[in-house]
Amino acid sequence: MDTYVKHLIEDIRSAHRAKEEEPNREETFEDHIRDVERFISGDAEHTLTYHCGLKYEAFPPADRLNDDQMTTISKALDDLLESWNAHADIPEEVPAKMRYQLMVSLLNTPFTFMSYGNTGFDYCTGDPEGCELGKYCRCLDLE
Ligand SMILES: [Zn+2]
């Protein structure tokens, strides 16, 4: 499985968004409007798979991996998200297996790429009951 994981990490790296040659250009008003329009119009929404080409099916089920492998893959996915101006909002305490599953599920999640700013994937529904973060849900602290 180690060899497979190595290949997978390489695939994740090559799925990073290619940095455009933008000579430190400031965001123009038109750029901003374009991002906002993309965000508002539902039909611009595609999954992360659509954007980066990585397939959900390429990721082995969690029980076929050990914690180290899952942590390595999750970290690689973190970097990938960063290259797409996005991040996943997962609490520190979430164990490797759960983090892995949450990260991989993002591939099938609709995502609007923003050329400026940052898209956050928030797993929390705001209600601890049925929240994907389970006992790691931050809402529980608020009660
Ligand atoms: Zn929650």
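## Overall organisation

Among the contacts in the protein chain with a separation of 6 or more, 76% join residues 24 or more positions apart. The model described here is predicted. The protein chain contains 6 helices and 4 strands, and from the N terminus on these elements follow the order α-α-β-α-α-β-α-β-β-α.

The protein chain has 143 residues, of which 17% are buried.

## The N-terminal helix

Helix α1 covers residues 2-14, a run of 13 residues. From its first C-alpha to its last, α1 reaches 19 Å, close to the 18 Å expected at 1.5 Å a residue. This helix is hardly covered, since the count of buried residues among its 13 residues is 1.

## The largest nonpolar core

In soluble globular proteins, nonpolar side chains tend to be buried together. In this model, the largest nonpolar core holds 20 residues, and Leu77 and Leu80 touch the most other members. Two or more residues of this core are given by each of α3 (48-52), α4 (67-83) and α5 (96-105). The largest share comes from α4, which supplies 6 residues.

Leu80 also illustrates contacts between separate parts of the sequence. When residues up to four places away in sequence are not counted, Leu80 touches Ile12, Ala15, His16 and Cys52.

## The loop residue Asn85

Asn85 lies in the loop between α4 and β2 (86-89). The phi angle of Asn85 is near 55°, a positive value in a residue other than glycine.

## Ala88 in strand β2

Strand β2 includes Ala88. This residue counts as partly exposed because it has 18 C-beta neighbours inside 10 Å, a count that falls in between the limits of 12 or fewer for exposed and 20 or more for buried.

Which residues does Ala88 touch, not counting residues up to four places away in sequence? They are Asp78, Leu81, Leu102, Met103, Leu106 and Phe121.

Key:
Residues are numbered from 1 along each chain as its sequence is written. This is a predicted model: local features need pLDDT of at least 70, side-chain atom pairs count only at pLDDT 80 or more; totals for chains, interfaces and linings use all residues. The expected span of a helix is 1.5 Å times one less than its number of residues. A nonpolar core is a set of buried Ala, Val, Leu, Ile, Met, Phe, Trp, Tyr and Cys residues joined through C-beta atoms within 7 Å. Two residues are in contact if their C-beta atoms, placed from the backbone, lie within 7 Å.
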